[in-house]
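Thanks for coming. I will go through one structure today, starting with the ligand and ending with a few backbone details.

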Amino acid sequence: MSSSVSIETKIAGAVLPSCLYNASGPLCSTEDELHALGKSAAGAILSKSATREKRQGNEEPRYVETPWGSINSMGLPNEGYEYYAAFAEQAAAAYDKPYIMSVSGLSHEDNIHMIKALSGNKNVTAIELNLSCPNVPGKPQTGYDPEQTRYILDKVFEVAEHPVGVKLPPYFDIPHFEAMAEILNAFPLSFVTCINSVGNGLVIDPDRESVVIKPKSGFGGIGGDFVKPTALANVRKFYTLLDEQIAVIGCGGVKSGMDAFEHILCGASAVQVGTQYMREGTNCFARIGRELEEIMSRKGYKDIGSFKGRLKDL
Ligand code: DHB
């Protein structure tokens, strides 16, 4: 590949050698999985959304692939935030890329506690605060409640020492984008990641006449091909509505270099891979990166800044 093409990017003041890295969720829960990301071509290591205490998550089956994407209702299985905080030291010693921690408390209080406790951990590059887990029974998504979002961000920025970004659920109505953007612009956020899975979809098996995952009577978050147009719409809208210093990170339906190119054209500064990473493993980052470089060299773009956000209207 042409060495004159760079897919490097910068998020939260840190350089990512590649704009492609993992979405929080698949294969980023254990030290082995996090090391595999460190050794791969992923531009950053992003950990599984952590809660205050270790969790087993929901009953299995809780993740199923379909030809068009995935449905999951994992229920936040994770080792607890202290485990992911401790991994930061290993990441810094071994890999030349940022280590970002996803935090998804079961309450506002838990989020504040974890973010405060991470203060002083210089090996955590940034925090992705997850406002959009759809899978914990009885817990609404904070990202769908503007006033709760304002409340938690107020508290978070009282205590946070790290750069903080938020992982958002998908929005579908223009006034909802506008209401959220107004709130997000009021805080010194480093980035927003669009989108989390499309919440509470239902995949069924007509042969068995049943749902395909066990928790929540089969309802779960949808990812993969299904969600790309929604992801692109969210990246584009927030890119146009948010202040310039808040980077947008694209996530949703990325399985090729062209998908990543489309996210960046809509305004993404970096692009996460979820369902396809689950399918393909860490090789996806090098492959998608090569495909993106090929597209860029064909089009004469030397870096992602040359086309980021430059989607044309008709
Ligand atoms: C889970 C799913 C999500 O979409 C998310 O943002 C966090 C956690 C889960 O079910 O584990």
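A residue counts as near a molecule if one of its heavy atoms lies within 4 Å of it. With that cut-off, 13 residues surround the ligand, and the closest are G75, L76, N130, N135 and N196.

Before going on, the model is predicted: local features need pLDDT of at least 70, side-chain atom pairs count only at pLDDT 80 or more, and totals for chains, interfaces and linings use all residues. Residues are numbered from 1 along each chain as its sequence is written, and side-chain values use heavy atoms, with hydrogens and water left out.

Now the shell by class. Ala, Val, Leu, Ile, Met, Phe, Trp, Tyr, Cys and Pro count as nonpolar, Asp, Glu, Lys and Arg as charged, and the others, Gly among them, as polar. The shell around the ligand then has five nonpolar, seven polar and one charged residues.

Which atoms of G75 and L76 face an oxygen atom of the ligand? For G75, a polar backbone atom is 2.7 Å from a ligand oxygen. For L76, a polar backbone atom is 2.6 Å from a ligand oxygen. N196 uses its side chain instead, with a polar atom 2.5 Å from an oxygen of the ligand. How much of the ligand does the protein bury? Taken alone the ligand exposes 290 Å², and the protein buries 93% of that; the areas come from the Shrake-Rupley method with a 1.4 Å probe.

Next, aromatic rings. Rings of Phe, Tyr and Trp (its six-membered ring) pair if their centres lie within 6.5 Å; planes under 30 degrees apart count as stacked, over 60 as edge-to-face and the rest as tilted. The whole structure has 11 aromatic pairs. In one of them, the ring centres of F177 and F238 are 5.5 Å apart and the planes are at 70 degrees, so this pair is edge-to-face. F177 lies in helix α5 (residues 174–184) and F238 in helix α6 (residues 228–241), so the pair ties together parts that are 61 residues apart in sequence. Helices here are DSSP runs (H or I, at least four residues), and strands likewise (E, at least two), numbered from the N terminus.

Last, the backbone. The peptide bond from E60 to P61 is cis, with omega near 0 degrees, and P61 is in the loop between β4 (45–46) and β5 (63–66).

Conventions
Polar contact = N/O pair within 3.5 Å; in protein donor to acceptor, adjacent residues only side chain to side chain.
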